[in-house]
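This briefing concerns helix packing and backbone geometry. Please consult the sequence and the structure shown here.

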Amino acid sequence: HEIYNHSLTHPHLPTLTDERIALQLDTMEQILLGLVGTSTKPYFRPPYGDYDERVLSVAARQGYRAVMWTVDAG
């Protein structure tokens, strides 16, 4: 199975500062590295599919690119 980063606390990332976005991704990365021994990079999925260019830019600086779904079941 592939494991992607989805943030630590599932916030709406566009409402956070750049530093908080980076902290959400980095903290979850460190937890998963400890649990499964492999990195989630380069993939992350923003909670709620909620992102903007700033979120993508911060994520890219952290080594991520966004992966989204193709069909929304909701």
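Where is the place of Pro-42? In this predicted model, Pro-42 lies in the loop between α1 and β1 (43–44).

**Backbone geometry**

- Most peptide bonds are trans, and most residues other than glycine have a negative phi.
- The peptide bond from Lys-41 to Pro-42 is cis, its omega being near 15°.
- Ser-7, although not a glycine, has a positive phi of about 90°.
- Ser-7 is located in the segment before α1, and its relative accessibility is 7%, so Ser-7 counts as buried, the cut-off being under 20%.
- His-10 is not a glycine either, yet has a positive phi of about 60°.
- The segment before α1 also holds His-10, which is partly exposed at a relative accessible area of 31%.

**Packing of α1 and α2**

- Helix α1 spans residues 18–36 and helix α2 spans residues 53–61; their axes come within 10 Å and cross at roughly 50°.
- The two helices, α1 and α2, are therefore oblique to each other.
- The crossing in which α1 passes α2 is right-handed.
- On the α1 side, the contact involves Asp-18, Ile-21, Ala-22 and Leu-25; on the α2 side, these meet Arg-54, Val-55, Val-58, Ala-59 and Arg-61.
- By class, the residues of the contact of α1 with α2 comprise 6 nonpolar and 3 charged, with no polar ones.

How values were computed:
Residues numbered from 1 in each chain as written. Predicted model: local features only at pLDDT ≥ 70, side-chain atom pairs only at ≥ 80, totals over all residues. Heavy atoms only, no water. Axes fitted to C-alpha atoms, helices over the stretch in contact; angles between N-to-C directions. Helix = DSSP H or I, 4+ residues; strand = E, 2+ residues; numbered from the N terminus. Parallel < 35°, antiparallel > 145°, perpendicular 65-115°, else oblique. Left-handed = near helix turned anticlockwise from the far one by under 90°. Contact = heavy atoms within 4.5 Å. Nonpolar A, V, L, I, M, F, W, Y, C, P; charged D, E, K, R; others polar. Buried < 20%, exposed > 50% of the residue type's maximum accessible area, 1.4 Å probe, protein only.
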